[in-house]
Amino acid sequence: MTTSPHLLAPPARRVRRHLLSSADLDRAQVRAILDTAAEMHGVQQREVKKLPTLRGRTVVNLFFEDSTRTRSSFEIAGKWLSADVINISGKGSSTSKGESLRDTVLTVAAMGVDALVIRHHASGAAHQVSQWVDAHVVNAGDGTHEHPTQALLDAYTMERRLGDLQDRHVVIVGDLTHSRVVRSNLITLRTLGARVTLVAPPTLMPSGIGAWAAADGFELSHDFDAVLPTADAVMMLRVQRERMSGGFFPTPREYTVGYGLTRPRLDALMSANADAVICHPGPMNRGLEISPDAADAASSLVLDQVSAGVAVRMSVLYHLLAGNDEGEDS
Amino acid sequence: MLAPRDRVIRHEDYALRWSRSTSFNDLSCEAGKEVLAPVRPDSAVPRPVDASSKAPVTDLPAPSADSSRTVLSASDVSRALRRVAHEILEHNKGGADLVVLGIPSRGVALAKRLAAVMESVEGRPVPVGALDVTMHRDDLRRQPTRSPMHTDIPEPGIDDKVVVLVDDVLYSGRTVRAALDALSDLGRPRAVRLAVLVDRGHRELPIRADHVGKNLPTSGTERVAVRLLEHDGVEDQVTISAGESR
Amino acid sequence: MASLLITGADLLGRGPADLLVEDGVVTEVGTVRSAKGADVLDADGLVALPGLVDLHTHLREPGREDAETIATGAAAAAVGGFTAVLAMANTNPVTDTAEAAERILDLGRATGLVDVVPVGAVTKGLAGEELAELGLMHRSRARTTVFSDDGRCVSDARVMRRALEYVRAFGGVVSQHAQDPHLAGPQACAHEGELSGRLGLPGWPGIAEESVVARDVMLARHTGSRVHVAHVSTAGTVEVVRWAKAQGIAVTAEVTPHHLVLTTDLLAGYDPVFKVNPPLRPQEDVDALRAALADGTIDAVATDHAPHARHDKEHAFVDAAFGMLGLETALSVVSDVMVGSGLLDWAGVARVMSQAPARIAGLASHGGSLEVGDAAHLTLVDPAAEVTVDRGASLSLSRNNPWHGRRLRGAVHATVFGGRVTAQKGALA
């Protein structure tokens, strides 16, 4: 990782109060977060893995949807910055009975919380919560909408392998309609100047994707093989077999043949570009969207992503919480 | 080049001046007034200061709100660093077990220069690196978040070494305190010393530098600016200007 | 009851005239020289319309009296200029029996503020399978004529056909909430398009409404029955209705005030106050709906007033309840957007907010033309009044008001129900 240039450059506009969407970060801010993450990564290698920076601050992981991996990543990140971290499992109330989401969140925030890390099954939940509380809100995944820290750690991991992502071609394949990872990755990769192509059958592309692609400058394709040879990075998304019952695709077999990273496709990718990188945000369906050979090739990155996840989340918590609260956008 | 004895005299003189007043506050002027003249580069003897009279002792025009005054030119900086490097070696009785760590951002360039001088004197390399202290500062909540800079601890680490911290300006002392905290997370040095290019007074903590390039009494409203060739792309200089307190 | 003399009102935009009301009936129109013992209401500068009639209101009683009661809903209606409201059947228990319909009628009568006309469910329990006791409800004191499973769609074609055929016997009409459940399921909550894709909200495509409306107008033609399309929301539905009317099919249609103004862009902040079924659509659809209302393809404005307790809205967007308040703001919205833009004149407003709905619902005493002999239900409107909507100042028990903070031009000045002033300038009289 290169060091930040020691020039008299103006400091990046500070990261805003919340991290709700990958669109909240401009290029300089993404750069600042990733560079700080590299320093945090260094801290992880030391014997004393603690920094005193967020001492006395309280971070609550309020997870309405289970996710051991993401939650423990945020927990370690907060603890290594000396913050007090509390995990609360929120009751998802999907009917109009019971405590409203607002009441649940206000009760937690009333305990005197500096940051709320929210994961929820409903799109937009983090955004709504940020309207109700004074605490800083970090979106740890809301429905099928976004997962900004995942996109940051994916970008971090890719950068470590590929270097600068400017003009690199990243191909994302899979169930785009139901994926929050793709929305955030799309935004962050474009912010870093990468070229992005989304590949999926028409039934797995979100509505209005054509207008969206035109507006935001990314490409679409239903033909994985045509796009594969020019890829610097291929990100395979998990496909849920339950989607079959919604009629999104006929059979797993047909999906794999058309859109899976099969052994022949892996070979084609490697012969076109030996430095190409394979990512998978996990968990993987070996044999469905990704063949065992490709999964093993990807596996080497999965562990990178885990340690990157802690470093990136330390960086996000630092940038949101360490400084003063003046002069920020609401 | 001054004889070693003269250098010692000057050092003592600075020490005397320092001890005569409780802090630089006495010698520096109130806001908006003149600043004591710096010692002129090629005089061997410091200009005497009459602490009892507040008459301005300066042969240079007082800085107005927009103007700045050079207190160290490139050659001054170079000489000061050479002297400091020699002092460090002298105090340490050689270069053994020294690790020089610069505090970003400009402290790193200064550390490298010091290490280069020491290497030329001792004939063997001195480990040099960088120690970012942002994450250990006690005043983070008073300002917008700053990105930490790069920390680079050279092999073979700092355990049982004599660490020389290097920074460009010593002011409140909080940066150095943060550096001491950061060091304690990295290992256990045998001793820690501090070398700075400029000491401008106004300590808020009981911190002092072991090696100083230039003592520069200032008022709290003045601004000290350091420029280094490898960092700023211009000739080395240290300037002081009236303006907002840093 | 004291007589009421209204002086100098602009009658349906035809020109100023006096109106004398005695014993709940309009007895004189024109220049009224004397009226002994009458209360005088100076209506100089005001427009007089026949009392507004709402084809589509949710009064929540019985079952959700925490959100609204018939009394509070009637008060909101009176303040909004309404003299009759049709109360939808999706209460708890559902209004699918004669007894349930009569109970609502009686509770409405007790308020003395508006005529509350119960709508009967099409199917038992709104389950969409078996017809409810449509005939008995019609024979009851409630004289139920409009039937609707609103909230749900009568999606089974056979059930819809049977319902259309059955009500033909007594001139009834089925009001259809058009939403194909396979194209827009219970989670669907945002217009399916670019924004719903970006926001990650389950899409509710326009075709889910249009395909049902297309089927229903063909069924209406086949059975020779009347069918009514509730809350039209897309340009495609307008096209189908326009075609059907051209064929002479007995179809009528209504549009809500919010679908005439608010667009799907408002969902970007995930504020559940904008969550409604059918969802807010893009500007192209809004423009088509306004044009259709102006040219008569859409017959009426109906509020779909849907009060919700605060905690039912304070959830994540996909979990929050559907619906917006509408009774107190409807006239101001129509005045601001339709009269203000020149798409409708005041006679047109009378048509879409009183006469057409009264005709569709078969309410003989409402929706007149302010002539001698008419029942004295009328609404006085100040066309120049500027109002800034304050959700806190509502007579409804609920606060899910999407118009809060908006400035609208035109407001109800007074409402007269059966010769009595029930509301004046935003408060009950």
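Is Arg177(B) buried, exposed or partly exposed, judged by the other C-beta atoms within 10 Å? Arg177(B) is partly exposed, because 18 other C-beta atoms lie within 10 Å. For reference, a residue is buried if 20 or more other C-beta atoms lie within 10 Å of its own, exposed if 12 or fewer, and partly exposed in between, with C-beta atoms placed from the backbone.

## About the model

This is a predicted model, in which local features need pLDDT of at least 70 and side-chain atom pairs count only at pLDDT 80 or more, while totals for chains, interfaces and linings use all residues. Residues are numbered from 1 along each chain as its sequence is written, and chains are lettered from A and ligands numbered from 1 in the order in which they are written.

## Chain B and Arg177(B)

Let us stay with chain B for a moment. Its secondary structure comes to six helices and eight strands; helices (H or I, at least four residues) and strands (E, at least two) are DSSP runs, numbered from the N terminus. Read from the N terminus, the order of elements in chain B is α-α-β-α-β-α-β-β-α-β-β-β-α-β. Chain B has 246 residues, of which 38% count as buried. Of the contacts in chain B between residues at least 6 apart in sequence, 67% join residues at least 24 apart; two residues are in contact if their C-beta atoms, placed from the backbone, lie within 7 Å.

Arg177(B) sits in helix α5 of chain B. Setting aside neighbours within four places in sequence, Arg177(B) is in contact with Leu205(B) and Ile207(B). Asp138(B) is 39 residues away from Arg177(B) along the chain, and 9.0 Å separate their C-alpha atoms.

## Where chain A meets its partners

The contact between chains B and A takes 20 residues from chain B and 22 residues from chain A. On the side of chain B that touches chain A, the elements giving two or more residues are α5 (174-186) and α6 (229-232) of chain B. With three residues, α5(B) gives the most to that side. By class, the side of chain B that touches chain A divides into six nonpolar, eight polar and six charged residues. Here Ala, Val, Leu, Ile, Met, Phe, Trp, Tyr, Cys and Pro count as nonpolar, Asp, Glu, Lys and Arg as charged, and the others, Gly among them, as polar.

Chain A also meets chain C: 24 residues of chain A are in contact with 20 residues of chain C. On the chain A side, α3 (101-109), α4 (125-132), α6 (180-191) and α7 (209-216) each supply at least two residues. That side has seven nonpolar, 14 polar and three charged residues.

## The two domains of chain C

The domain assignment of chain C gives domain 1 (4-47 + 375-428) and domain 2 (51-361); such bounds come from an automatic or database domain assignment. The centres of the two domains, taken over C-alpha atoms, are 25 Å apart.

Across the boundary, 32 residues of domain 1 of chain C are in contact with 40 residues of domain 2 of chain C. On the domain 1 side, β16 (378-388), β17 (407-417), β18 (420-424) and β19 (427-428) of chain C are the elements that give two or more residues. The largest share, seven residues, comes from β17(C). By class, the domain 1 side has 18 nonpolar, 12 polar and two charged residues.

## Helices of chain C

Helix α1 (residues 70-79) of chain C is largely enclosed by the rest of the structure, because nine of its 10 residues are buried. Among the buried residues of α1(C) are Ile70(C), Thr72(C), Gly73(C) and Val79(C). After α1(C) comes Gly81(C), with a positive phi near 95°.

Helix α6 (residues 207-223) of chain C packs with two other helices. The axes of helix α4 (residues 157-167) of chain C and α6(C) come within 10 Å and cross at roughly 45°, where axes are lines fitted to C-alpha atoms, for helices over the stretch in contact, and angles run from 0 to 180 degrees between N-to-C directions. The two helices are therefore oblique to each other. Residues meeting here include Met160(C) and Leu164(C) of α4(C) and Leu219(C) and Ala220(C) of α6(C). The contact has five nonpolar, one polar and four charged residues.

The axes of α6(C) and helix α7 (residues 235-246) of chain C come within 9 Å and cross at roughly 10°. That makes α6(C) roughly parallel to α7(C); angles under 35 degrees count as roughly parallel, over 145 as roughly antiparallel, 65 to 115 as roughly perpendicular and the rest as oblique. Val213(C) and Val217(C) of α6(C) are among the residues making this contact, as are Val240(C) and Val241(C) of α7(C). By class, the contact of α6(C) with α7(C) has six nonpolar, two polar and two charged residues.
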